[in-house]
Amino acid sequence: MTDALLTIRGLTKTYPGVVANADVSLDVRAASVHALLGENGAGKSTLVKAIYGLVRPDRGTMTLAGRPHAPSSPREARAAGIGMVFQHFSLFEALSVAENVALGMEDPPPLRDLGARIRDVSREYGLPLDPGRPVRDLSAGERQRVEIVRCLLGRPRLLIMDEPTSVLTPQEVAILFATLRQLRAEGVAILYISHKLEEIRALCEEATILRAGRVVATCDPRETPARRMAEMMVGGSLRIPARAAPAPAESPPVLEVEGLSLASPRGGGLRDVSFAVRAGEVLGIGGVAGNGQEELLLALSGERRTAPGAIRLRGEAVGALDPSARRARGLLCAPEERNGHAAAADMTLTENAFLSARVRAGLVRRGFVDWAAARRFAEGVIRAFDVRAPGPEATARQLSGGNLQKFVIGREILQKPDVLVVAQPTWGVDAAAAAAIRQALLDLAAGGAAVVVVSQDLDELMEIADRFAALNEGRLSPARPVAGLSVEEIGLMLGGAHGMEVAHSRHAGAAA
Amino acid sequence: MIVWERRPAPSRALAWATPVLAVALTVLAGGVLFALLGKDPVLAIRTIFWEPLFGPFAGYLRGQIAIKAAPLILIAVGLSFGFRAGVWNIGAEGQYIVGALCGAAAGLALWPAETRWIFPLMVLAGTLGGLVWAMIPALLRVRFGTNEILVSLMLVYVASNLLAWAALGPLRNPEGLGFPGSRNLRQWASSANLELVPGTGLHWGGVAALGAVAAGWVLLARHPFGFAVRLMGQAPRAAAFAGVAPSRVVVLCMALSGGLAGAAGLFEVTGPAGQVSIDFAAGYGFTAIIVAFLGRLHPGGILLAGLLMALTYVGGEMAQQRLNLPAAAISLFQGMLLFFLLATDLLATHRPRWRRAAPSASPLPAAAPEEAR
């Protein structure tokens with residue numbers, strides 16, 4: 001192709017024991033949004049790191065605007081006109097927006113000039129930012145704007161975006177898309193990594209699908225059904241979780257939370273949160289992380305104590321009980337952070353099974369740990385949830401994110417909870433594992449347990465939840481039945497777009 | 001340029017090989033040190049490591065090794081639990097002193113009665129004395145968030161002054177012609193902690209040390225408390241999720257280490273030392289920190305490390321006498337052991353990689369995610 005801005009031919013990168021990219025060829029045209037699709041571990045990350053100079057490929061060539069492109073560092077890549085917005089932000093909380101931007105520049109201008117430029121660029125692209133504000137005061141969406149503006153100041157020809165919408169509300173997503181479309185209209189090429197297929201269908205005109213390090217397909221996402229793309233990603237047909245019949249409305253609630261308030265050292269916290277879940281029901285709690293999600297989990301698991309009556313389990317006040325006592329009564333949790341919170345990274349799966357299952361699975365006998373029983377329990381989880389692990393003596397660190405997540409969720413489900421609270425159950429998990437986890441949660445509810453899913457992934461909540469409530473700035477909206485809920489209504493429940501505005505330059509009309 | 005990159009999983013083999021490597025490096029560096037002091041390095045090393053075990057006086061010196069190893073092992077086993085959980089009791093020396101004082105005082109209060117219950121009572125009093133002394137930093141940390149490293153360390157100096165006061169005042173031997181120091185506890189049958197098997201150097205402290213190794217091993221490997229300790233050290237948030245109460249672990253770890261240190265002090269004051277005297281404290285409480293880490297914070301490793309450290313003590317004394325090596329050189333030699341151990345520890349968790357020096361290795365935040373992935 002002659003109009004390709006970036007051409008990749010036969011790119012190969014192997015790590016000891018793993019082929020991350022095998023003979024990958026790709027063309028990204030100028031003035032286009034090109035989607036890069038694939039499951040976790042499919043090689044998307046390695047590929048964009050090679051483009052951005054973070055990884056040196058073993059073989060293959062890259063050409064940028066007709067010139068050989070072999071950056072040995074992100075600095076060279078930036079000089080060649082490539083910008084990248086990472087999924088995880090690299091910002092210093094204590095510094096201001098302008099100072100953070102200056103840190104990423106080769107020879108930053110004086111802060112006052114830079115502040116003016118930040119203002120100009122952010123206004124031009126509809127990403128309002130106050131250069132003088134400290135980053136610690138910014139929401140996740142605003143932090144992303146800092147990263148994007150930092151890239152845009154370098155006037156990139158190619159912008160790489162890694163899962164940019166995972167932390168945004170629907171309205172914020174709409175505004176981001178407007179910005180991206182404006183950039184496209186100005187001739188910028190955008191390489192867009194996401195696993196949200198509907199987004200890709202709305203935004204991108206080309207897609208390259210990777211599986212196990214190889215390009216398995218290319219397609220036009222505007223004309224390809226999401227299901228077809230998902231199947232190309234996993235290389236088989238995708239099981240859509242089957243919903244059980246909705247819970248009978250008259251059954252009494254198993255878990256009741258009433259007037260739960262919790263201060264947080266980092267600000268936020270919970271303010272007067274109330275909800276109830278019945279047996280057999282899945283309650284979805286949506287909202288962007290950092291709005292009290294973490295505190296809610298800690299309060300329910302017992303890691304933070306509250307007034308006894310703020311949390312009731314089958315009528316019994318459990319707010320002042322420790323985690324073990326709550327487990328004994330049937331209230332189980334699976335926190336969001338797998339390594340370091342739900343599991344200890346350097347411990348074996350057997351030990352990690354003991355970590356949360358000691359009470360309910362009876363893994364302590366006569367005061368001592370029954371390691372044989374813990375091992376059998378871990379093996380049971382591995383078998384029942386198809387955890388790809390060398391065995392129960394593998395350490396948690398050795399497992400991929402999706403497999404560890406299956407282990408963590410499976411560990412709690414096999415303890416037969418009456419109430420299971422899970423946070424971000426499929427965060428960073430590949431499509432097949434995510435489907436398995438969602439199905440397991442639905443099966444658990446169908447078996448008579450009450451399930452609370454705290455997630456940022458609205459598609460996920462729409463798929464598995466019976467009722468939906470939004471947690472925003474520590475406050476929980478009243479729960480509403482998912483059936484018949486529109487995306488706009490959800491967005492409003494989530495508190496709208498946090499003061500974002502649509503790009504209002506000359507291209508804004510076309511973008512809207 | 002050498003870049004150290006983290007191993008995906010710590011190497012098990014290297015975790016056990018590095019102590020051996022550290023000993024080898026200590027021998028090498030120690031040899032250089034002795035050579036610089038104008039001594040024959042081979043002879044000095046041989047005197048330290050070989051003579052006590054196989055030399056002409058080995059029969060006597062082996063017993064000395066057992067005598068020195070017993071308190072080191074006993075204290076180090078106790079410390080290892082706290083160190084695993086991130087509870088840093090640096091003041092075992094103080095707990096050792098207070099244990100000796102309390103135990104001796106409990107016994108001397110009954111002098112000159114003769115019954116076999118006196119010695120067990122003294123052991124109990126010594127253990128409790130060390131435990132209570134350790135509760136000061138423990139409760140201050142749990143209630144007020146003070147740093148137990150500083151508090152426990154400073155209490156060592158308080159304990160030293162208590163020791164001097166007791167040796168000169170309340171515990172002074174009334175028949176001692178005014179000399180400082182208590183009655184000789186070795187010469188009082190009810191309190192004497194003598195060799196159980198002649199020639200082995202094994203007294204009740206040694207028995208207690210072996211018991212502590214066995215009990216510690218079981219506690220660490222098979223008991224929920226050992227699991228809680230490991231979990232809290234490795235992943236504090238996972239420990240909270242599992243239901244481990246951090247303050248309970250802090251208090252229990254400090255109680256364990258303080259109690260064992262107090263018991264060690266009691267066994268010493270009734271045995272090898274024989275009396276409460278101003279120069280009773282010999283630094284076992286501090287050396288035990290080295291022993292605990294040299295033994296990988298594992299009871300089995302601590303047993304070996306305690307014996308090795310006792311060997312350098314006994315051999316070091318030999319070298320001082322025979323070769324006129326200064327005492328400081330021997331202390332330095334022991335310090336090097338800990339230094340090399342901590343240095344070689346890096347090998348277990350990281351591996352070296354040669355990388356060509358990249359002129360563009362920029363500390364820019366935009367490049368930072370490279371590290372995180």
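The model is predicted, so local features need pLDDT of at least 70 and side-chain atom pairs count only at pLDDT 80 or more, while totals for chains, interfaces and linings use all residues. Residues are numbered from 1 along each chain as its sequence is written, chains are lettered from A in the order in which they are written, and side-chain values use heavy atoms, with hydrogens and water left out.

At the interface, 30 residues of chain B are in contact with 49 residues of chain A (contact means heavy atoms within 4.5 Å). The two chains bury about 3300 Å² between them, 57% of it on carbon and sulfur atoms; buried area is the accessible area (1.4 Å probe) that two parts lose on being put together, summed over both. Three salt bridges are found across this interface, a salt bridge being a side-chain nitrogen of Lys or Arg within 4 Å of a carboxyl oxygen of Asp or Glu. B:Arg230 and A:Glu351 form a salt bridge through their side chains, at 2.6 Å from N to O. On the side of chain B that touches chain A, 19 residues are nonpolar, four polar and seven charged (Ala, Val, Leu, Ile, Met, Phe, Trp, Tyr, Cys and Pro count as nonpolar, Asp, Glu, Lys and Arg as charged, and the others, Gly among them, as polar).

Within chain A, helix α11 (residues 349-357) packs against helix α12 (residues 371-384) at an angle of about 95°, with axes 8 Å apart. Axes are lines fitted to C-alpha atoms, for helices over the stretch in contact, and angles run from 0 to 180 degrees between N-to-C directions; helices are DSSP runs (H or I, at least four residues), numbered from the N terminus. The angle makes α11(A) roughly perpendicular to α12(A) (65 to 115 degrees). Residues that meet here include A:Glu351 and A:Phe354 in α11(A), and A:Trp371 and A:Arg375 in α12(A).

How values were computed: Helix = DSSP H or I, 4+ residues; strand = E, 2+ residues; numbered from the N terminus. Parallel < 35°, antiparallel > 145°, perpendicular 65-115°, else oblique.
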